[in-house]
Amino acid sequence: WWVLSTVGATDELTTISGPSVIPVAYNVDEPIRSLAVLPLQNFSEDPGQDYFAAGMHAALLERLSQLPAVRVVSRTSVAQYATTDKTVPEIARELGVEGIVEGSVLRAGEEVRITVQLIHGASDTHIWAQEYVRSFTDVLALQSEVANRIAEESQAELAIAGDEPMPVYAEGSAVPAGNEAFMGARFGEIGETREGLLAALESYRQA
């Protein structure tokens, strides 16, 4: 049952289980200038591939943070939503952003399948969704491709300054083990612990 609160000014609807945000209409002519990239879900059967999903998430954050016209919420702030039952409008309101990026990663052997969608937070409107299937050997180029596509769909500028184009990662190593070591290093950095950073250094050496 939905009940509209009449105690003072309010912008919320209330249910018996708690408050929920009133949907706001999505205006396609309004550019999205703030984003939160939620942790990517690991859909691989192997929990050991969590490092890959986390590394991909960190890479997307890094790429999108280069956009001069878009504010991107930090990894620390979005980490709490790795497992949550909150709705997209609720998350968007709590983080103070207009757009939410969520997705999943599935790795099977040397094939990587990444699904990403951009959602207008206040209205819970799906703006864009795309699935990418690539070889693990070109995963670094894939990170750049996904980030740039999200930026385009957010109607953001794709320049660091003036007409200078956004830098693009070169394709990954032809040696799959090199790419895997690199992703493992990125994962080791995330926790910012001594053990994690030492493991990251070793993985970088391997890469």
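Begin at the second largest pocket, which has a volume of about 190 Å³. A pocket here is an open set of points on a 1 Å grid over the protein atoms alone, where a 1.4 Å probe fits, with protein on both sides within 12 Å along at least five of seven lines; lining residues have an atom within 4 Å of a point. Grid points are joined across faces, edges and corners, and the volume is the space filled by probe spheres set on the points.

The model is predicted: local features need pLDDT of at least 70 and side-chain atom pairs pLDDT 80 or more, whereas totals for chains, interfaces and linings use all residues. Residues are numbered from 1 along each chain as its sequence is written, and side-chain values use heavy atoms, without hydrogens and water.

Select Leu 38, Pro 39, Gln 41, Tyr 81 and Glu 102, which lie nearest the centre of the second largest pocket among its 15 lining residues. Helix H3 (88-95), S7 and S8 each supply at least two residues of this lining. Helices (H or I, at least four residues) and strands (E, at least two) are DSSP runs, numbered from the N terminus.

Next, select strand S8 (residues 111-120), where seven of the 10 residues are buried, that is, under 20% relative accessible area with a 1.4 Å probe, protein chains only. On one side, strand S7 (residues 99-108) runs antiparallel to S8 and is joined to it by 10 bridges; strands count as paired if DSSP finds at least two bridges between them. Leu 106 has Arg 113 in S8 as its bridge partner. In the two-residue turn of the S7–S8 hairpin, Gly 109 has a positive phi of about 65°.

Strand S9 (residues 125-135) pairs with S8 in the antiparallel sense over 10 bridges, and Gln 117 stands opposite Ala 129 in S9.

Now move to Val 146 in helix H4 (residues 139-153). Is Val 146 buried or exposed? Val 146 is buried, with a relative accessible area of 0%. Beyond its neighbours within four places in sequence, Val 146 is in contact with Leu 60, Val 116 and Tyr 132, contact meaning heavy atoms within 4.5 Å. Show Gln 130 as well: its C-alpha is 8.9 Å from that of Val 146, with 16 residues separating the two in sequence.

Definitions and conventions. Buried means under 20% relative accessible area, exposed over 50%, partly exposed in between (1.4 Å probe, protein chains only).
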